[in-house]
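Please keep the structure open while reading.

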Amino acid sequence: MKTIDEVLAKLPEKFLPDAAADLTVVFQFLIDESRHFSIEIDDKQCQICEHEHPDPDVTLIMSSETFVSVISGDIGGTTAYMTGQLRAEGNIMLATKLNKLFQR
């Protein structure tokens, strides 16, 4: 099983800039109730930041296992949400765009 650090290291190269046209958004993650990081999308660019963002558009809360499974495509984000493995705060509809911004 991959680690969070391995997944985060590969996210920028899997980013699909054309899918982010006209999109400015901050996806905040809280993993295992203690680790914060954000994916910041602006002007077709993606930046991974290892900090808690002061004003994210949406915050996704889950375990490290769920995060790796969702990003790897082993489980869908909607399924994780509906089964209680993932919680979302803020603009929940933005979370549905996340999987379209990165190739699997």
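Which residues of the largest nonpolar core touch the most other members? They are Phe27, Phe29, Ile41 and Phe67, in a core of 29 residues. The model is predicted. Two or more residues of this core come from each of H1, E1, E2, E4, H2 and strand E5 (86-90). In soluble globular proteins, nonpolar side chains tend to be buried together.

**The sheet**

An open sheet is formed by 5 strands in the order E3-E2-E1-E4-E5, with mixed pairing. E3 and E5 are the edge strands; each has a single partner strand, so one side of each lacks a neighbour in the sheet. On average, neighbouring strands are turned by 20 degrees against each other, direction ignored. Strands of a sheet pair through backbone hydrogen bonds, either parallel or antiparallel.

| Strands | Sense | Bridges |
|---|---|---|
| E1 and E2 | antiparallel | 7 bridges |
| E1 and E4 | parallel | 5 bridges |
| E4 and E5 | antiparallel | 5 bridges |

Phe29 stands opposite Phe37 in E2, Leu30 has Ile61 in E4 as its bridge partner, and Val58 stands opposite Gly90 in E5. E1 and E2 make a hairpin with 3 residues between them, and Asp32 in the turn has a positive phi of about 55 degrees.

E1 is largely enclosed by the rest of the structure, because 7 of its 7 residues are buried. Val25, Phe27, Phe29 and Ile31 point one way from E1, whereas Val26, Gln28 and Leu30 point the other way. In a regular strand the side chains alternate between the two faces of the sheet.

**The helices**

H1 (4-14) has the buried residues Ile4, Val7, Leu8 and Leu11. These lie on the same side of H1, because they cover an arc of only 100 degrees around the axis. The face turned away from that buried side carries the exposed residues Ala9 and Glu13. Among the elements covering the buried residues of H1 are E1, E2, strand E3 (45-49) and H2.

In helix H2 (residues 64-72), the buried residues are Ser64, Thr66, Phe67, Val68 and Val70. Their cover includes helix H1 (4-14), strand E1 (25-31), strand E2 (35-42), strand E4 (58-62) and helix H3 (77-82). Phe67 touches Ile4, Val7, Leu8, Phe29, Ile31, Phe37 and Met62, residues up to four places away in sequence not being counted. Gly73 follows H2 and has a positive phi, near 90 degrees.

Why does Thr66 count as buried? The relative accessibility of Thr66 is 7%, and the cut-off for buried is under 20%. Leaving aside neighbours within four places in sequence, Thr66 is in contact with Ala80 and Gln85.

His53 lies in the loop between E3 and E4. With a relative accessible area of 18%, His53 is buried as well. Not counting residues up to four places away in sequence, His53 touches Val26, Gln28, Ser38 and Glu40. A polar atom of the His53 side chain lies 2.9 Å from the backbone nitrogen of Asp55.

Notes
Residues numbered from 1 in each chain as written. Predicted model: local features only at pLDDT ≥ 70, side-chain atom pairs only at ≥ 80, totals over all residues. Heavy atoms only, no water. Helix = DSSP H or I, 4+ residues; strand = E, 2+ residues; numbered from the N terminus. Buried < 20%, exposed > 50% of the residue type's maximum accessible area, 1.4 Å probe, protein only. Contact = heavy atoms within 4.5 Å. Arc of directions from axis to C-beta. Core = buried A, V, L, I, M, F, W, Y, C linked by side-chain atoms within 4.5 Å. Polar contact = N/O pair within 3.5 Å; in protein donor to acceptor, adjacent residues only side chain to side chain. Pairing = 2+ DSSP bridges. Axes fitted to C-alpha atoms, helices over the stretch in contact; angles between N-to-C directions.
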